[in-house]
Amino acid sequence: MRQAGRSLPEYRALREGVSMLEACSTPELVVEATLQPVRRYGTDAAILFSDIVLPLRAAGVDLDITPGVGPVVAKPVQTLADVEAIPDLEPDHIGFVSEAVRDLVGELGDTPLIGFAGAPFTLASYLIEGGPSRTHAKTKAMMRGAPEVWHALAGKLAGVSGAFLRAQVEAGAAAVQLFDSWAGALAPGDYREYVLAHSRRVLAEVAATGVPRVHFGVGTGELLVLMGEAGAEVVGVDWRVPLDVAAARLGPRYAVQGNLDPTLLFAPWPVIEAAARDVLSRGRAAGGHVFNLGHGVLPSTDPDVLARLVDLVHEESRPAGADDERGQ
Ligand code: CP3
């Protein structure tokens, strides 16, 4: 559950007076923010507290994360020279991430840590648009109008994200997730022509380690098969596509992750419970199922509702005959 921490009072206290990127760059804060939701909810895995733009900033790109807005880039990328000015990511740029991951793996014991990175399309969109965009118009204009600049940028970002994932796995992350959050803006033909090979390169970077790879985007119902083809074992599905439909599209080789609508958590409990059971039952149609929300936790979500949801999912997915020692 991405950003599960944002709805927690202990998270808000931890972040008091500390900017997002400063928090992501301070191993003790990364460790604490990662552990908070695990402590509270007893989730089956932890997701590293960081951000998809963190490695770009660590490599030297002038950007910040503005509260309520998202990533904002000082000098948007337009030309080949702008692309060439983006430094490659070296391991010593992100030594603090490796340190945080190592510390976390020690603290988490049997609970696996999920590392992650942003996929080239989603990162490129922030860099080209200068910030969040509804239409991704400049990004698509570069793809079609200056494909050589586009491929140079996406290739550079594939290198950055691949290096970021590799560093996390080498430090002990047990699984990785590639976030192509905004890929749903693309038609399948454009995804295949401009994006697939670059995302495949990122996922290939950790293929030899054998860690499971999750590939997720929002509004990507028409791209699920291509996102699987990019080299994932698990395809993340947002709330728009029922998991049994996603499983039929993907075939039995893939597990699915998802996909309770995050806004459903504001409904009365019986409605949430029925919807969660529906997600679980549809997920059984797939080669495997990681229960999750269909996108991040909204900051105003009631932490007690999340706790109840985690308990329900544990109760329902407990193997037959398991006793109460589960999760200990
Ligand atoms: O749950 C976690 O905290 C895990 C760590 C995590 C964050 N960002 C922390 C964060 C992860 C996995 C991300 C990935 C991320 N960042 C994505 C891909 C996932 C997705 O949502 O599809 C994207 C698109 C971003 C870019 C980004 N960073 C956005 C759009 C925002 C929200 C801006 C806002 O305030 O509304 C951020 C900031 C951010 N990243 C926060 C957190 C906890 C909130 C910062 C805060 O607490 O002030």
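Predicted model: local features only at pLDDT ≥ 70, side-chain atom pairs only at ≥ 80, totals over all residues.

Q: Is His136 buried or exposed?
A: His136 sits in the loop between α7 (120-129) and α8. Its relative accessible area is 5%. The cut-off for buried is under 20%, so His136 counts as buried.

Q: What is the phi of His136, a residue that is not a glycine?
A: We're still in the loop between α7 and α8 here. Although His136 is not a glycine, its phi is positive, at about 60 degrees.

Q: At what angle do helix α8 and helix α9 pack?
A: Helix α8 covers residues 137-145 and helix α9 covers residues 147-170. From α8, the contact uses Thr139, Met142, Met143, Arg144 and Gly145, while α9 brings Pro147, Val149, Trp150 and Leu153. Those residues divide into 6 nonpolar, 2 polar and 1 charged. The two axes lie 5 Å apart, and the packing angle is about 115 degrees.

Q: How far apart are the end C-alpha atoms of α9?
A: Helix α9 has 24 residues, and at 1.5 Å a residue it should span 34 Å. The model agrees with that, since the end C-alpha atoms are separated by 34 Å.

Q: How many of the 24 residues of α9 are buried?
A: Think of α9 as mostly covered. Back in α9 itself, the buried count is 17 of 24.

Q: Is Pro188 buried or partly exposed?
A: Pro188 belongs to helix α10 (residues 188-204). Beyond its neighbours within four places in sequence, Pro188 touches Glu222, Leu223 and Leu226. Its relative accessibility is 35%.

Q: Which residues does Thr220 contact, leaving aside its neighbours within four places in sequence?
A: Look in the loop between β6 (213-216) and α11 (224-229) to find Thr220. With a relative accessible area of 1%, Thr220 is buried. Its contacts there are Ala183, Gly184 and Met227.

Q: What separates the C-alpha atoms of Gln257 and Phe291?
A: Gln257 is in strand β8 (residues 255-260), and it is buried, with a relative accessible area of 7%. Setting aside neighbours within four places in sequence, its contacts include Gln177, Val214, Val290 and Asn292. Phe291 is 34 residues away along the chain, yet the C-alpha separation is 5.9 Å.

Q: What is the radius of gyration of the chain?
A: Let's zoom out: the chain has 14 helices and 9 strands, and its C-alpha atoms fill a box of roughly 60 × 45 × 40 Å. For 328 residues, a compact globule would have a radius of gyration near 20 Å. The value for the chain agrees with that, at 19 Å.

Q: What share of the 328 residues is buried?
A: The chain exposes about 14,100 Å², with carbon and sulfur atoms supplying 52% of that area. Counted by residue, the buried share is 54%.

Note on methods. Residues numbered from 1 in each chain as written. Heavy atoms only, no water. Axes fitted to C-alpha atoms, helices over the stretch in contact; angles between N-to-C directions. Helix = DSSP H or I, 4+ residues; strand = E, 2+ residues; numbered from the N terminus. Contact = heavy atoms within 4.5 Å. Nonpolar A, V, L, I, M, F, W, Y, C, P; charged D, E, K, R; others polar. Rg over C-alpha atoms; globule rule 2.2 N^0.38 Å. Buried < 20%, exposed > 50% of the residue type's maximum accessible area, 1.4 Å probe, protein only. Areas by Shrake-Rupley, 256 points an atom, 1.4 Å probe, with all protein chains shown as cover. Expected span 1.5 Å × (residues − 1).
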